[in-house]
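Please look at the sequence and the structure before reading on.

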Amino acid sequence: MPFDNVKLNDGRIIPGIGFGTWKIPRDVAGDQTQQAIEVGFDHIDTAQVYANEEEAGRGLRDSGLKREKVWVTTKWSGVGDKGVRESCLESLQKLGLDYVDLYLIHHPRLCKGDIEGTWAQFELLKKEGLVKSIGVSNFTVDDLKTLLKTAKIKPVVNQILLHPYVVTQQTPLLEFMQEHDIVPEGYSSLIPLTSKPGGPVDKPVQEIADKYKVAPEQVLLAWSRAKGAIVITTSSRKDRLERYLAAGDIKLTDEQVEAIDKAGAKGERDDKRKQKVVGIAKYGMLAALGGWAVLKLVL
Ligand SMILES: NC(=O)c1ccc[n+]([C@@H]2O[C@H](COP(=O)([O-])OP(=O)(O)OC[C@H]3O[C@@H](n4cnc5c(N)ncnc54)[C@H](OP(=O)(O)O)[C@@H]3O)[C@@H](O)[C@H]2O)c1
């Protein structure tokens, strides 16, 4: 069974797991998108800045899946300093679609201090029917508060970094979003495997994987879902994509989620300590160099 669908605050239903096209080279993005759909993904997550919307759109068409059966998200990334509407029309043209299911502000910094005005342009796109739902990405609690002050339409999602090594940092944001009925979309949930192997999260994840006879990546995706998030992930490999979808069946207990959270928080603290030590060492070196320069001048 794949992941459950999720109901958004505008009443629309989004598939609980999506295939992302970030970093996929153009020459393989079409085939990889097609592969994901053939494996069973019905939710594609791309962006203006990924520079492969054209190929993702081709993969979608080549899969033969009907337009209404697939959820397509893309993002305004401010490429070439292009405005919201121009970028949206360009993305639609590249994807070969009349509308996207979800259009996101890729990052609050793109609003250049005018979150309210940018969001008003997103609301217009929705009214025009070019995009069915609107949301944001990488917004903090303060960014969301600013947006909500003047918004006529609430964002349906906030797509955020979500893995165990940022759990302490992201928990207040997740709580705020839950309070305001904004669904988290979690990306890079596999960081403990892809860029931080050997950290404290490995042990509880491996123990759960052994218990359920599943792969560690499946446990991490199940963890992200347990946090209430729509899972946004990717793979070039068919076997992994199949495992990702099957992870929808894994229901972690509160104790298992807590064990992963605890290990993640420890990793977060360790990282902070390391950063502090590096900072102090750098400062010490600079101070020593400065002292040496002064001595040279005096002597
Ligand atoms: N809104 C934003 O700012 C933002 C930022 C980042 C990402 N995203 C979205 O989220 C999507 C996923 O991002 P992500 O790539 O960072 O996510 P991820 O789900 O954390 O990582 C996916 C990668 O994990 C690798 N992988 C899977 N299992 C593994 C294992 N057991 N050991 C080692 N590597 C393993 C896969 O490599 P193989 O291909 O070799 O299987 C794949 O490249 C993106 O495509 C994009 O759509 C959005």
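Strand 7 (residues 131-137) and strand 8 (residues 157-161) pair in the parallel sense over two bridges. Strands pair if DSSP finds at least two bridges between them; strands (E, at least two residues) and helices (H or I, at least four) are DSSP runs, numbered from the N terminus. This is a predicted model, in which local features need pLDDT of at least 70, side-chain atom pairs count only at pLDDT 80 or more, and totals for chains, interfaces and linings use all residues. Residues are numbered from 1 along each chain as its sequence is written.

**The barrel**
- Eight strands close into a barrel in the order 3-4-5-6-7-8-9-10, with parallel pairing.
- Neighbouring strands of this sheet are turned by 30 degrees against each other on average, direction ignored; axes are lines fitted to C-alpha atoms, for helices over the stretch in contact, and angles run from 0 to 180 degrees between N-to-C directions.

**Bridge partners**
- Val 136 has Asn 158 in strand 8 as its bridge partner.
- Strand 6 is joined to strand 7 by five bridges, and Leu 104 stands opposite Gly 135 in strand 7.
- Strand 5 (residues 71-76) runs parallel to strand 6 and is joined to it by four bridges.
- Lys 75 has Leu 104 in strand 6 as its bridge partner.

**Strand 6**
- Six of the six residues of strand 6 are buried, so this strand is largely enclosed by the rest of the structure; buried means that 20 or more other C-beta atoms, placed from the backbone, lie within 10 Å of the residue's own.

Definitions and conventions: Buried ≥ 20, exposed ≤ 12 C-beta atoms within 10 Å, placed from the backbone.
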